Amino acid sequence: MKQDTSRIPAYTVECEDYVHVVEFNPFESGEEGSLLAYGGNNYIVIGICRFPEEDSSVEAFVYKTLKTFQHGVRVDAITWSPETRLDALPPLIRFCTAAADKTLRLFTSDLQDKNEYKVIEGHSGYINDLVFAPKEGKDIASVSDDHTCRIWDLDGNQKASFVLRSPGMSVCWHPSEEFKLMVAEKNGTIRFYDVITHQAILSLESEQMPLMSADWCLRNTLKVGAVAGNNWLLWDMTRSSYPQEKRPAHVDKARIFRWCKSNENVFATTGCPGKVNTQLLIHHFGHPQPILIGSASVGSGLSWHRNLPLCVIGGYRKLLFWLTEM
């Protein structure tokens, strides 16, 4: 008898507009709960979530909006700074966005009087992904349709630029490998760069196009995952530059790949938004079929909680949270 893995979300949050992107803060920031940022057509909301699975003092899921920032144009990506601290005096919130006008916007706020943002210009194509340096957060890396990966300081100065052979789709900076940067290109190549010498030091090949999204496993630096075409692909860098595992996931093209932050054998993929719904699949390395199937009305964005086997995607006026039973 086939197990039914289709699920409704464990929790939902109503939003005022379409959600293009959503990101849990992956860093310890001293808050009671989990910081979350989501962005829409011209705004970013910073909120805090408290989950009963994480906090025994709450009996039910609680969400609270802390601050809404005007963005002016569509938000295409968000990354959190490790400098964000809610237990500091005053509190410090720092995050950076990729905007639809091909700029980065670096936001700094104390959630009260100080609310600043700096526009960082330089890319000539749409910015597909960005990430803060994971230790001190003094640099930001971004990849773009303009066939470059660039590293910026917090003043907006460009410190390095890597020329790519196709659009840059994903960029990852691992807290255990802070001198390496992973860049995934649409042509199916994933390269690792030394951020000191600015040289490419290793590459992986998907042998499939278009590669839309890749992620570097937080729990195991030797694992990389991606989606290309309608497949997911997994690499073990000690074994080969080609994928060890490859399986079809979505009928239409797959859009996003994200490793679970609390379990190196679990990952999630989303399909490209269809006419009505976007499919979310959660996979376990040891299971031939997805362990959870969800869907969202024109869903977009995908992010895993820092400690829980719980992920969130955005959708039409909603955030949808799925909890995985390990």
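The chain carries 33 positive and 39 negative side chains, and the centres of these two sets lie 4 Å apart. In that count, Lys and Arg are positive and Asp and Glu negative, while His and the chain ends are not counted. Each charge is placed at NZ of Lys, CZ of Arg, CG of Asp or CD of Glu.

Two remarks on the source are needed here. This is a predicted model, in which local features need pLDDT of at least 70 and side-chain atom pairs count only at pLDDT 80 or more, whereas totals for chains, interfaces and linings use all residues. Residues are numbered from 1 along each chain as its sequence is written, and side-chain values use heavy atoms, leaving out hydrogens and water.

Let me turn to the chain as a whole. Its secondary structure consists of 0 helices and 27 strands; these are DSSP runs numbered from the N terminus, with helices being H or I of at least four residues and strands being E of at least two. The radius of gyration is 19 Å, close to the 20 Å that the globule rule gives for 326 residues, so the chain is as compact as a globular protein of that length. That radius is taken over C-alpha atoms, and the rule is 2.2 Å times the number of residues to the power 0.38. Taken along the principal axes, the box filled by the C-alpha atoms is roughly 55 × 50 × 35 Å.

How much of the chain is buried? Of the 326 residues, 56% are buried, where buried means under 20% relative accessible area, exposed over 50%, and partly exposed in between, with a 1.4 Å probe and protein chains only. The chain exposes about 14200 Å², and carbon and sulfur atoms supply 46% of this area. Such areas come from the Shrake-Rupley method with a 1.4 Å probe, and for residues only the protein chains shown count as cover. Among contacts with a separation of 6 or more, 46% are between residues 24 or more positions apart; a contact means heavy atoms within 4.5 Å.

I now come to individual residues, starting with Glu185. Glu185 belongs to strand 15, which covers residues 177-185. Is Glu185 buried or exposed? Its relative accessible area is 1%, so Glu185 counts as buried. Its side chain joins that of Arg191 in a polar contact of 2.7 Å. A polar contact is a pair of N or O atoms within 3.5 Å; within protein, one must be able to donate a hydrogen and the other to accept it, and residues adjacent in sequence count only if both atoms are side-chain atoms. Leaving aside residues up to four places away in sequence, Glu185 touches several others, including Leu164, Pro167 and Leu211.

Lys186 sits in the loop between strand 15 and strand 16 (189-194). With 32% relative accessibility, Lys186 is partly exposed. Beyond residues up to four places away in sequence, Lys186 touches, among others, Met209, Pro210 and Leu211. Gln208 is 22 residues apart from Lys186 along the chain, and their C-alpha atoms are separated by 9.4 Å.

In strand 16 we find Tyr193, which is buried at 6% relative accessibility. Residues touching Tyr193, with those up to four places away in sequence not counted, include Phe162, Phe179 and Ile201. Tyr193 and Leu218 are 25 residues apart in sequence, with 18 Å between their C-alpha atoms.

Finally, some remarks on the backbone. Most residues other than glycine have a negative phi, and most peptide bonds are trans. Where are the cis bonds to be noted here? The bond from Leu89 to Pro90 is cis, with omega near -10°, and Pro90 lies in the loop between strand 6 (75-80) and strand 7 (93-99). The bond from Met209 to Pro210 is also cis, again with omega near -10°; Pro210 is in the loop between strand 17 (200-205) and strand 18 (211-216).

His147, although not a glycine, has a positive phi of about 65°. This residue is in the loop between strand 11 and strand 12 (148-153) and is partly exposed, at 31% relative accessibility. His198 likewise has a positive phi of about 65° without being a glycine. It lies in the loop between strand 16 and strand 17, and its relative accessible area of 35% makes it partly exposed.
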